[in-house]
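Please consult the sequence and the structure as you read.

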Amino acid sequence: MDDEIYKTYHGHEGDYTITKKQWKDGKEGGMGFVYTGKTVNSLTEVIIKTPHSKKDDIDALKREAYVLRRIKD
């Protein structure tokens, strides 16, 4: 039951899935929730972050994108 797919996200490099267990075990960070998941095509493990920011709060999304870019570098 925990292996059942809970959600599918559409990313810029393909679709990602989260199982019910991964969703339940997600961690809340400062700007959103973080889950482990897998790419649909290659089953590669990925980290999926869902933001707290509302879709229409452009300034908050820009700040978040800036922080994530800095972390990646």
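Buried means under 20% relative accessible area, exposed means over 50%, and partly exposed lies in between, with a 1.4 Å probe and protein chains only. This is a predicted model, in which local features need pLDDT of at least 70 and side-chain atom pairs count only at pLDDT 80 or more, while totals for chains, interfaces and linings use all residues. Residues are numbered from 1 along each chain as its sequence is written, and side-chain values use heavy atoms, with hydrogens and water left out.

Q: How many salt bridges does a search of the whole structure find?
A: A salt bridge is a side-chain nitrogen of Lys or Arg within 4 Å of a carboxyl oxygen of Asp or Glu. The search of the whole structure gives a total of 3.

Q: Which residue forms a salt bridge with Lys20?
A: The closest N and O atoms of the pair are 3.4 Å apart, and the partner of Lys20 is Glu4. Helices (H or I, at least four residues) and strands (E, at least two) are DSSP runs, numbered from the N terminus. Lys20 lies in helix α1 (residues 20-24) and Glu4 in the segment before β1 (5-11), so the bridge ties together parts that are 16 residues apart in sequence.

Q: What is the N to O distance in the salt bridge of Lys21 and Asp25?
A: Lys21 is partly exposed at 39% relative accessible area, and Asp25 is partly exposed at 37%. Their side chains meet at an N to O distance of 2.6 Å.

Q: Which residues form the covered face of β5?
A: In a regular strand the side chains alternate between the two faces of the sheet. The uncovered face of β5 holds Glu45, Ile47, Lys49 and Pro51, and the covered face holds Val46, Ile48 and Thr50.

Q: Which residue of β5 is the bridge partner of Gly32?
A: Two strands pair if DSSP finds at least two bridges between them. Strand β4 (residues 32-39) pairs with β5 in the antiparallel sense over 7 bridges. In β5, the bridge partner of Gly32 is Pro51.
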